[in-house]
Amino acid sequence: MLSGCEAARPLPGTGTVTATPTICDMCFWKCAGKVYKEDGELWKITGNDDDLHSGGRLCTRGSGGPGAYLDPDRLKKPLMRVTVDGRQTFQEVSWDEALEYISIKMRSIADTVGPERMLMLSHGAGSAHFRHLMRAYGSDSHAEPAFAQCRGPRDVGFRLTFGESANSPERTDMANARCIVLLGSHIGENLHNAQVQTLAEALNRDVTLITVDPRFSVPAGKSKHWLPIKPGTDIALLLAWMNVLIDEDLCDTEYLNRYAIGFEQLAEHVRDYTPEWVYLETGIRPDVIRETAREMAKAAPATIVHPGRHAVWYGDDTQRSRAIAILNALLGSWNRKGGFYIPESIALPAYPLPAYPEPKHTTADAYPGKWPFASQGVTNGVIDASIGKDAFFTGWLVYGTNLPQSIPGVEDKLKAAANSLDLVVVVETMPSEMTGYADVILPECTYLERYDDLRNSGERNPSLALRMPAFEPRYESKPGWWIAKQLGHRLGLDAYFPWEDYAEKLDWQLRQVGSSLEEMQRIGVKNFPRSRPLYYLEGERVAFRTPSRKIELYSQQLAEKGFDPMPVYTPPDPVPKGYYRLNYGRMPSHTFGKTTNNPLLFQLAPENQLWVNPLVASEWDIKSGDYVRLGSPNGTVSDKVRVRVTERIGLDSVFMAHGFGHKSKRLRLTAGVGADDSALMSNIKVDPIMGGTGMRANFVTFVR
Ligand code: SF4
């Protein structure tokens with residue numbers, strides 16, 4: 001049952017089959033693929049065999065790409081908020097009307113308070129067109145949930161230690177690792193394609209997999225050691241592992257002597273975090289802590305303590321990421337074979353354009369003095385700075401991010417911000433909850449109908465990949481580059497948009513590196529040789545991008561700002577009686593709420609399930625398949641969610657996949673199906689170092 005969406009046909013007939021290159025946009029990983037058509041009609045999407053980035057394959061969600069194109073609930077025309085009979089509603093308007101309205105408002109904001117008061121909130125590769133527009137307009141004010149609600153603490157923690165981030169895609173050398181340690185990282189449940197493939201290959205090579213997770217996750221089931229840790233105690237375990245490595249003289253001393261500072265302070269710092277003491281906090285037996293530390297050391301430097309991705313847990317997340325980075329440093333695995341590699345991208349020249357005007361304000365001016373190590377805008381900070389008559393921001397351009405589901409407990413703030421702001425523009429393909437807060441909704445076409453920038457990620461094998469239209473945009477949707485150019489024209493910024501078609505810009509860039517659009521339209525992916533080794537050479541002198549030019553086990557930067565220079569363990573809040581920790585994660589067939597309305601993927605997984613331990617289920621008299629509602633301590637009650645009774649979760653927690661429980665009725669398949677975990681979160685632990693939104697300290701109970 002496809003609910004109005006035609007399925008792609010399973011096999012071609014006798015017609016002419018063509019293949020058009022694409023880059024998947026079903027998640028951020030950017031796998032290159034090909035769109036096959038027969039006589040111009042969609043057949044299927046597969047991976048591009050030449051794409052080393054994806055191993056030539058697409059995951060389930062990528063193969064479900066036709067569903068995004070065919071979804072009958074897509075946004076079809078520009079919409080504007082109007083008041084009819086005293087009630088607000090949306091009315092279809094022409095592109096001219098919508099763009100004219102936005103440009104008049106943006107001009108007014110620039111003239112009255114300055115262009116920096118116009119903020120962009122975004123997610124995804126297509127946002128680059130609008131970042132370009134906003135910077136040409138004079139605003140560099142920008143934030144994305146991918147920072148404060150996801151990987152920000154990890155990137156800041158690694159940068160404070162190594163001077164570089166763990167990168168995206170992660171620079172883990174799993175292809176050569178002999179030991180991999182996962183802390184709350186659910187590779188296989190989060191189906192980041194190439195990473196899953198390399199982990200599967202590593203397991204075939206008999207890699208030692210150590211998984212630390214209170215839940216018996218998919219990777220826990222593949223592990224030599226599963227450490228079912230008490231939630232919130234990971235820093236204690238990491239410090240105990242450091243204690244064992246130092247106490248048993250298992251660190252890579254030569255590497256540390258050459259590259260690191262602060263070893264003596266660290267040794268002193270972790271002296272009291274003995275496995276025996278840490279056992280009482282984590283529930284992990286001292287002999288297991290010692291054995292796993294020895295396994296890591298035995299395989300080092302081909303050991304990866306994985307940096308993870310969704311790193312916002314308990315508000316001390318930059319420090320936990322620092323602890324992961326420090327542990328990797330003790331093992332000598334940073335930029336060593338089997339540990340981490342040095343990523344490389346193509347030096348692709350920027351298209352010659354006028355310089356952007358210098359903004360008078362940065363994003364951080366909206367929340368002065370807060371979160372000194374935030375390397376990007378902090379979403380909660382900019383939302384708070386958009387509320388009230390003296391708000392810092394007076395306009396928003398929101399691209400591809402559904403804030404009500406990305407940021408817990410934000411709905412009241414979004415309502416207040418929408419009431420305060422002079423302009424809220426939302427550019428989207430789907431009628432997400434965020435579109436309900438807009439003054440103007442601009443329907444972007446899907447990734448299968450547009451050009452975007454070339455993929456040029458820093459990784460093991462440098463490559464370029466092309467996304468190009470396989471189809472004309474359906475309905476009245478338009479490509480992001482076209483929308484940005486039209487707004488630029490109306491704002492007097494034509495000099496920043498000299499191309500008639502984005503293909504011209506891409507062709508110019510490709511010709512600078514010896515290729516062309518014509519070539520890329522044929523091959524989709526072009527691989528280039530590396531210009532430097534994948535790892536440090538033996539004894540190589542390295543200047544790290546830290547203040548000391550060394551790996552900083554002890555961080556003077558943190559100390560100077562009043563933070564702990566080395567990670568310190570703080571016990572988590574206890575679980576209130578009658579409540580359970582709310583644990584959440586991914587499922588392989590969906591990219592959170594972005595894909596739950598996709599008619600093809602909906603068939604695979606229409607709803608999320610609530611994992612409940614059998615003893616807890618018996619206490620509450622619930623069975624697998626029952627529907628329950630959950631309540632949070634602040635009185636919020638969830639939609640119904642289906643129970644899955646399983647011993648794979650402990651007595652103190654429940655678990656569900658994020659991205660369900662949509663409220664937007666225009667998402668006709670998924671609206672009201674499953675429960676939304678973020679709506680149940682009220683106990684948010686903000687990371688004082690970089691502003692991350694710690695979301696794992698929330699509790700729920702069953703509502704009878
Ligand atoms: Fe698409 Fe899957 Fe690759 Fe993400 S991991 S880009 S969804 S194929």
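**Helices and a loop**

A: The buried residues of α11 are P275, V278, E281 and T282, where buried means under 20% relative accessible area with a 1.4 Å probe, protein chains only. Helices here are DSSP runs of H or I, at least four residues, and strands are runs of E, at least two, numbered from the N terminus. This is a predicted model, where local features need pLDDT of at least 70, side-chain atom pairs count only at pLDDT 80 or more, and totals for chains, interfaces and linings use all residues. Residues are numbered from 1 along each chain as its sequence is written, and side-chain values use heavy atoms, with hydrogens and water left out.

Q: Why do the buried residues of α11 line one face of the helix?
A: Seen down the axis of α11, they fall within an arc of 110 degrees, so they line one face. The arc is taken from the directions from the helix axis to the C-beta atoms.

Q: What covers the buried residues of α11?
A: The cover includes α8 and α12 (286-299).

Q: At what angle do α8 and α11 pack?
A: Helix α8 (residues 234-247) and helix α11 (residues 275-282) pack at about 165 degrees, with their axes 9 Å apart. The axes are lines fitted to C-alpha atoms over the stretch in contact, and angles run from 0 to 180 degrees between N-to-C directions. The two helices are therefore roughly antiparallel, the word for angles over 145 degrees, while those under 35 count as roughly parallel.

Q: Which residues make that contact?
A: On α8 they are A236, L237, A240, N243 and V244, and on α11 they are P275, V278 and T282. Contact means heavy atoms within 4.5 Å.

Q: And α13, how does α8 cross that?
A: The axes of α8 and α13 (residues 317-330) come within 10 Å and cross at roughly 20 degrees. That makes α8 roughly parallel to α13. Among the contact residues are W241 and M242 of α8 and A323 and L327 of α13.

Q: Changing topic: where does I649 lie?
A: I649 is in the loop between β22 (641-645) and β23 (653-657).

Q: Is I649 buried or exposed?
A: I649 counts as buried, because its relative accessibility is 3%.

Q: What does I649 touch?
A: Leaving out residues up to four places away in sequence, I649 touches R215, W611, V612, N613, V654 and F655.

Q: Back to α11, what comes just after it?
A: G283 does, and it takes a positive phi of about 80 degrees.

Technical notes. Parallel < 35°, antiparallel > 145°, perpendicular 65-115°, else oblique. Buried < 20%, exposed > 50% of the residue type's maximum accessible area, 1.4 Å probe, protein only.
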